[in-house]
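Colleague: Let's go through this one piece by piece. Show me the model, and I'll ask as we go.

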Amino acid sequence: MYLQTIKGELILKKILSLLLCLTVLTLFSGCANDKETASNDSENTNKVKIVTSFYPIYIETINITKGIDGVVVENMTKPQTGCLHDYQMTPADMKKLENANIFIANGAGMESFLEDIINDQKQLYVIDSSANIPLLIDEHGENPHVWVSISNCITQVETITEELSKIDPNHADQYHKNAEDYIARLKDLKNEMHAAIDPLPNKKIVTFHEAFPYFAEEFNLDIVGVIEREPGTAPTPTELTDIISQVKNLPTKALFAEPQYSSTAAEAIANETGAKIYTLDPVVTGKDDPDAYIKAMQENAKTLQEALK
């Protein structure tokens, strides 16, 4: 009986010791998890979170911020969205803006649907990348498609870089270095495209919509007709008759559709005129590739060489 009592006490002591060890381990584990959570929260707080409005601004920004630790760039819209003429905000878009420090817009009216929303996001530093660009104006108002001109794209990169350096001076040198490298490549691209386009004998073109006036101005092209003033809005019978007449009078019968939109109207005009349909890309959609703008513009130059020779 005595021995059984001793054994019972020993077992009880072992159980108590085991429980004590488990309690200590749990406490230390909890502290470690708390430290890890605090560390992660601190990391997230210290990050510079940038949201861009749509694809061409995203491409410019990832070139400026490339390789910089602590700077995160996210595009608000999907890379297949295209121009934001009739864009409707989604809850996911709102979440991105709420979590961002900086919002980079094209400006020139492209994101006019966002004005009230941005005003409600007091934490956002908003960069208007078109602020230093003279805008083209027609009967429909200011044309927002400034990035399609390489010179304007360079100005946007410069504006974004200066504004990012103001709000995030710790990375200013890196922003400027990346921007200088990208601008040097854009200048080479512009010279390359002038060499390809300037000698072409025919400079009159019919484009799909109002995305190319800045491009045409830069490369001395003459846009004599536009198939759809707004994407998705088919030309009226009168407009269609006028475009068909314009195309019939062209020395080189070429129509330029865009990869982001249906070419149905262009095909109808081609059937009436015998014109050939080509594709010019305004670079509003594409892959997550820092070189996407340069590659698309090089393809545009090849297309124009083939169509206007």
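Colleague: Which residues lie nearest the centre of the largest pocket?

Modeller: Bear in mind this is a predicted model, so local features need pLDDT of at least 70 and side-chain atom pairs pLDDT 80 or more, while totals for chains, interfaces and linings use all residues. Numbering runs from 1 along each chain as its sequence is written, and side-chain values use heavy atoms, without hydrogens or water. The pocket (an open set of 1 Å grid points fitting a 1.4 Å probe, with protein on both sides within 12 Å along at least five of seven lines) has 14 lining residues, each with an atom within 4 Å of a point. Nearest its centre are His85, His140, Glu142, Pro144 and Glu230.

Colleague: How does that lining divide into nonpolar, polar and charged?

Modeller: Asp, Glu, Lys and Arg count as charged, Tyr and Pro are among the nonpolar ones, and Gly is polar. On that scheme, the lining holds 2 nonpolar, 7 polar and 5 charged residues.

Colleague: Which residue forms a salt bridge with Asp181?

Modeller: The whole structure has 7 salt bridges, each a Lys or Arg side-chain nitrogen within 4 Å of an Asp or Glu carboxyl oxygen. With the closest N and O atoms 2.8 Å apart, it's Lys177.
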